[in-house]
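Colleague: I'd like to learn how to read a few features off a model. Could you walk me through some?

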Amino acid sequence: AVNMDEEDDSCESLMSSIQDGGQQVPILVRKSKSDGRYEAIYGRRRLKACRELGIKVRANVQDIDDASALLAKGLENAARRNLSFYEKARFAEAILTSGHDTATVRQVLNVSKSGLSHLTKVTQHVPAKIGDMIGAAPKSGRPKWTGLAEHFVAGKLTEDEAANLLATIEPSMSSDDRLEMLLKAAAKRGARQREGAAELNPIEGVTIKSTNGSLTVSVKRTGANAGFASWLDKNMAEIIKRSHAEFTAVNTEEKN
């Protein structure tokens, strides 16, 4: 995501530059297909600055198709600022979604076939909601983002689990640190799965732990669960007996 304060400062700086020395670089426009007016392909910030100053904008008018317009816009954006790996992934997704082919995406973003496959792997497997909650992560490259995608593929993370983890983070934490935190959480969960252990919380205050050697259920006796814990304490033996009888009956039917 772009910091709006930084964008406002950049626009103010551009206005000052144009006011002092004039508009040095023309914007690129083409005739609109619908109303005969002009559509800006790139240079929207220069257009905005000139409007704010109340002066005419210098523009090159070209008759170009959608793919060329997208390429021109992508090249100008890339020249203006370095996109992070994740921003490139989302940009590639947007280009493909708008109906353009992979060749156009590779040209706009200047990536190889394998480079594009890494980008699409991330957008295919990392939910957009989670990516939005993490942010651009400008210091984090392909290995971390594709690693996160692999955690989702392997089932070490779900969208809800990742969202819940990210919701607990201090807003001041950087997007790179958010990504790192999520990777560590997924790695820990993966380690528990490899050890044959699993932990479920079917309702608040109740934990079921399953390992290769045992199955345990724990219920907190405090707060809202106090009454349920007392009831379960009195009835657990009977519940286990009924469950075992049901299991035995089902198991016998399957064998027959």
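**Burial, contacts and core**

Modeller: Let's start with Ser175, which counts as buried at 16% relative accessibility. Buried means under 20% relative accessible area, exposed over 50%, and partly exposed in between (1.4 Å probe, protein chains only). Before we go on: this is a predicted model, where local features need pLDDT of at least 70, side-chain atom pairs count only at pLDDT 80 or more, and totals for chains, interfaces and linings use all residues. Residues are numbered from 1 along each chain as its sequence is written, and side-chain values use heavy atoms, with hydrogens and water left out.

Colleague: Where is Ser175 found, and what does Ser175 touch?

Modeller: Helices (H or I, at least four residues) and strands (E, at least two) are DSSP runs, numbered from the N terminus; Ser175 is in helix 10. Contact means heavy atoms within 4.5 Å. Not counting residues up to four places away in sequence, Ser175 touches Ile134, Gly135, Ala136, Ala137 and Pro138.

Colleague: Is Val219 buried or partly exposed?

Modeller: Partly exposed, because its relative accessible area is 23%. Val219 lies in strand 6 (residues 215-219), and its C-alpha is 6.6 Å from that of Thr207, 12 residues apart along the chain.

Colleague: Which residues of the largest nonpolar core touch the most other members?

Modeller: A nonpolar core is a set of buried Ala, Val, Leu, Ile, Met, Phe, Trp, Tyr and Cys residues joined through side-chain atoms within 4.5 Å. Here, the largest has 30 residues, and those touching the most other members are Leu119, Val126, Ile130, Ile134, Trp145, Leu148 and Leu182. Helix 4 supplies the largest share, 5 residues.
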